[in-house]
Amino acid sequence: FGGIVKEPPLHIIHIAVEMAPIAKVGGLGDVVTSLSRAIQDLNHNVDIILPKYDCMNLSNVKDFQFHQSYLWGRTEIKVWHGKVEGLSVYFLEPQNGFFSVGCVYGRANDGERFGFFCHAALEFLLQNGFNPDIIHCHDWSSAPVAWLFKEQYTHYGLSKARAVFTIHNLEFGAPLIGRAMTFADKATTVSPTYSKEVAGNPAIAPHLYKFHGIINGIDPDIWDPYNDNFIPVPYTSENVMEGKRAAKEALQKKLGLKTADLPLVGVITRLTHQKGIHLIKHAIWRTLERGGQVVLLGSAPDPRIQNDFVHLANQLHSSHNDRARLCLAYDEPLSHLIYAAADFILVPSIFEPCGLTQLTAMRYGSIPIVRKTGGLYDTVFDVDDDRDRAQAQDLEPNGFSFDGADVGGVEYALNRAISAWYDGREWFNKLCKTVMEQDWSWNRPALDYLELYHAARKLE
Ligand code: ADP
C-alpha cells in the first residue's frame, strides 16, 4: 500500500545522573528509564549515559562488562556497558573519584562533579563516532550538556544531533537551567499545568516558543500489581478488593499495626518542603482522629527535617502504636506494598512538576488525595468538584483534591475521602476499579515526545 510514509528510527541518547532502579533518587530516575523504554518499544534506538556510582546496585545490570577507556583532559575515564530494564547503558567512571563518594547528590562539589560528567559524556560520543539524532538532557545536573554541545561539539562532529532539555524540577539550579533553555533546540517540562506555572520564571519566559509541557507516564511493567514480587496476591481491576485486602494485612503484620479493616492512608515521599510537610503532619493526626491508619515512607535529605520526623515517629508510635507507622528510609520493596495496601495515597505538595506517586497509586487501585498543583492537577480529578474537567478528557473522576496551602484544604479533601470509605464502601470499591483501569502509562506521552524529537530534527 502506498501513502504510508514511514520515518526511519531515531537514535536518542539520554545523558542523565539518575536512572531507576539502579541510581534513583526521585522521579527523574523513573522517567529516564520509563520514557526510554516507551520510545524503544516504538522501535527507536535509545542509549543512556550515566555516571558509574560506587553506591549503585549492579545486580540489576545485565551483561555488565568493561567497554573501553579514554582520556579526557588529564583524566582517564573507564567506560562500562550493560543492560538495565532492557535498555543499553554506558557507565562512565572517571578515575578522579568523582562518583566514588557513596551517594548521587549531596557533596559540596556536585556542580563540578556533574559538569565534568556532562563534558566527559559528550567527549565519549565524539571519540566513538556516535551520530545520534537527539541528545536528551535533564534538570540542572545534565543541563551543561545543552551548552557544551552547542558551543563545542556541534563544531567537532555530532552535527546531526539536536539537543532536547527536560525540566523535572525548576527549584534546583535555576541559573544552569536558564542557560540550558537558551541553547536547547527544544525544551519540555513534565506536565502542562507546571509549564504554565513556571512560564513567568526568568529562566523560562524568553523561551516559551520552544517549551512544551508533556505529562510523565509510569511504566506499567515495572509497576504492575499482577506481577509484583513485593505483594502477596497478584491482582487486576477484576479482583482488586481481594488483592488489596491481602496487601493491607501483609503490611499491617509487617509493620506491627493492628490487622483490621480500617481506612489506610499511605504517604510515599521525599520529605522536603516541596511535599507539603505541614499538610502531611496535619493529615496524619486527622486520619488518626477519624479512626484510620497511616503509613508514611519518607526519606529526608535535610537532617533537621529527618530529626523532626524521628521525633514525630516516637510520639506517634507511643500514642497510636497500632495505627500509625513512620518508616523514615528509602525502601523500594516497601513502597510497592504500601501502594497496594493503602486505600488512599496522600500527595499534598506545595508545588509538583508532575508527581509519579499519584499515578502509581492509581495503577494499584489506591485513591489519590492531592493538592491541585502542577501535574497533580492534570492527573487527579475530584469526584465532587471536577466532573466536567474530567469529562472533557474522557475520564471518570478519580480522586480527592483541594486548593490552598493551609490545613483547611487538606482536611476538606481527607474528610470527604474517609467519609466515603466509611459510608459508601460499594461506591468506594467501584472507584478503586475505575482508577486501576485508567491509562497513566507512556502510551500517549511517548508519542508527544516523538513528535517533539521529529520537530527538533527539522530545525536548522
Ligand atoms: P520527586 O521526583 O519530587 O521525588 P515524584 O513523585 O516524581 O517525586 O517521584 C518520587 C518517586 O520516588 C516515586 O517513584 C516514589 O515511589 C519514590 N519514592 C519517594 N520516596 C521514597 C521512599 N522513601 N522509598 C521508596 N520510594 C520512594
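The model is predicted, so local features need pLDDT of at least 70 and side-chain atom pairs count only at pLDDT 80 or more, while totals for chains, interfaces and linings use all residues. Residues are numbered from 1 along each chain as its sequence is written.

The domain assignment of the protein chain gives domain 1 (11-217 + 443-458) and domain 2 (237-437). Such bounds come from an automatic or database domain assignment. The C-alpha centres of domain 1 and domain 2 are 31 Å apart. In all, 17 residues of domain 1 are in contact with 12 residues of domain 2. Two residues are in contact if their C-beta atoms, placed from the backbone, lie within 7 Å. On the side of domain 1 that touches domain 2, α1 (27-41) and α6 (192-197) are the elements that give two or more residues. The largest share, 4 residues, comes from α6. Helices (H or I, at least four residues) and strands (E, at least two) are DSSP runs, numbered from the N terminus. By class, this side of domain 1 has 5 nonpolar, 9 polar and 3 charged residues. Ala, Val, Leu, Ile, Met, Phe, Trp, Tyr, Cys and Pro count as nonpolar, Asp, Glu, Lys and Arg as charged, and the others, Gly among them, as polar.

Helix α1 also meets helix α16 (residues 443-458). Their axes come within 10 Å and cross at roughly 75 degrees. That makes α1 roughly perpendicular to α16. Axes are lines fitted to C-alpha atoms, for helices over the stretch in contact, and angles run from 0 to 180 degrees between N-to-C directions. Angles under 35 degrees count as roughly parallel, over 145 as roughly antiparallel, 65 to 115 as roughly perpendicular and the rest as oblique. L35, A38 and I39 of α1 touch A446, Y449 and L450 of α16. This contact has 6 nonpolar, no polar and no charged residues.

A second pair is α2 (residues 110-127) and α4 (residues 144-156), whose axes come within 10 Å and cross at roughly 30 degrees. The two helices are therefore roughly parallel. Their contact has 10 nonpolar, 2 polar and no charged residues.

The ligand is surrounded by 18 residues, of which G26, G27, S299, S335 and L356 are the closest. A residue is near a molecule if its C-beta atom, placed from the backbone, lies within 6 Å of it. The shell has 5 nonpolar, 9 polar and 4 charged residues. Both domain 1 and domain 2 give residues to this shell, so the ligand lies between them.
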